[in-house]
Amino acid sequence: MTVDTQVIEHMMNPKNYGNVAGSNAEGMGKNPQNGEKVLVYMRVMNNEEQPYVDDISFQAIGCTTTIVAGSMLTEEAKGLNLNGIYNLVEATLKLLEKLPDEDAACSEMVALAIKAAADTYMKRQEDPDYPVITYQIANNCTPKVEEEKNL
Amino acid sequence: MTTVLIKTHEAWLEMLMAGSMSHTQNRQTLLDFSDILFRHFTWIEHEMIGTGEAYTYERDNIPVKVDRLDSILKNIILRLNELDLQLFGLKDKALSERISSDIHYMIEVLHGMNDEVVTAFAMERKFPGISLTQEATDALTIFLFEETYKEYELIMIYNYLKAHSDDAFLNRIFQILVDESFFHLKRFCDMAAKMGILAVPRVVMKELYQIEDVTQFLKDGIDEELAAKEECKRLSEAVAKDSPELEKFFDFINHQENYHIALMKDALAYFAKKDSNG
């Protein structure tokens, strides 16, 4: 992770960390290899055109990179309508394709948690008791050299 | 009682941060007060367990970014006054009076403290008197963020385990691990303040401390301690050229992990013995 002033700001004061009062959609991104996870809470409101994210927060069991990614992406997500949310997730995942697995894994976990929360919201329009959706990441956060050493 | 627990938790951390940002004799007093508030927290928790009231370690984020010590002291005084008013919610009146008496004394001392300029949030990322390479500075920055949170997380986990156990052997181990993590947390906060990157650790998710399988937690904990040893070794090597003082400090932390691992192994052996005895 490149440690610049903006990243340090997010480390010192992660934005949107915690719960959202009146959250009506939650989603989880999970790393099955090490148990790290991100839980996203969203309060989705309806306006005349389409539902939008009135408030969003996250909690994580993970490293500093996950916290920085959570802080940045939830800031981006706040105020977007659901199409905007799906576009944000898609653009993030596309961007992560260019990074090594171990650098991409934490941000992927956050992006998938946001997608899971949006999907949970959609499902709950038909079934209000629909459980929290969880997506597992495809990237591996263990650096390749370390992985080979562990074999 | 939940509000009292949350407010005490927040006051404890805010006081700890204030102590970490002080450069004068205020420092030790503030850190001592933070220890007292943590003990209040454990007493209130104990009472809640006794009355069967459900609780978690949830709390609000605590804004601590100030440029004068006076500013945070005023915030703490407001928080303590608010807490004092909430104490009527405690069923144990003797406990309530004891906490209230401590709070009144602390407020009086805080009012009399001299102001200081605070540089703990300046983001200079320079250790006084030590010149580190950019790579070592970045590695140390990430280490301090990771580890201040990790030590806070461990305090909360071992405190929760201790609060819910009446086994003297295990509680001795949990208490030592809490004490060790307190020492590390204070040292890392001190270093973060010197680097200008002091931050309140984030809230710990409840599934981390409401542990269902303690033996698995201990096994994972040993692996984490081994990984922490490696990290300390890497950091020690990264700073060795520029600072023998920091090199020695990270070697010291590295060797302390052996002690934690030994304690966790003792706890695991104890669980295994208990299981074999049925």
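Reader: How many residues of chain B are in contact with chain A?

Author: Contact means heavy atoms within 4.5 Å. By that rule, 20 residues of chain B are in contact with 18 residues of chain A. This is a predicted model, where local features need pLDDT of at least 70, side-chain atom pairs count only at pLDDT 80 or more, and totals for chains, interfaces and linings use all residues. Residues are numbered from 1 along each chain as its sequence is written, chains are lettered from A in the order in which they are written, and side-chain values use heavy atoms, leaving out hydrogens and water.

Reader: What area do chain B and chain A bury between them?

Author: The size of an interface is often given as the accessible area lost when the parts come together. Here the two chains bury about 1800 Å² (accessible area with a 1.4 Å probe, summed over both), and 62% of it is on carbon and sulfur atoms. On the chain B side, Met123(B), Arg202(B) and Met205(B) lose the most area to chain A, together 34% of what that side buries.

Reader: Which residue forms a salt bridge with Glu207(B)?

Author: A salt bridge is a side-chain nitrogen of Lys or Arg within 4 Å of a carboxyl oxygen of Asp or Glu. Lys37(A) is the partner of Glu207(B), with the closest N and O atoms 2.7 Å apart. The count between the two chains is one salt bridge.
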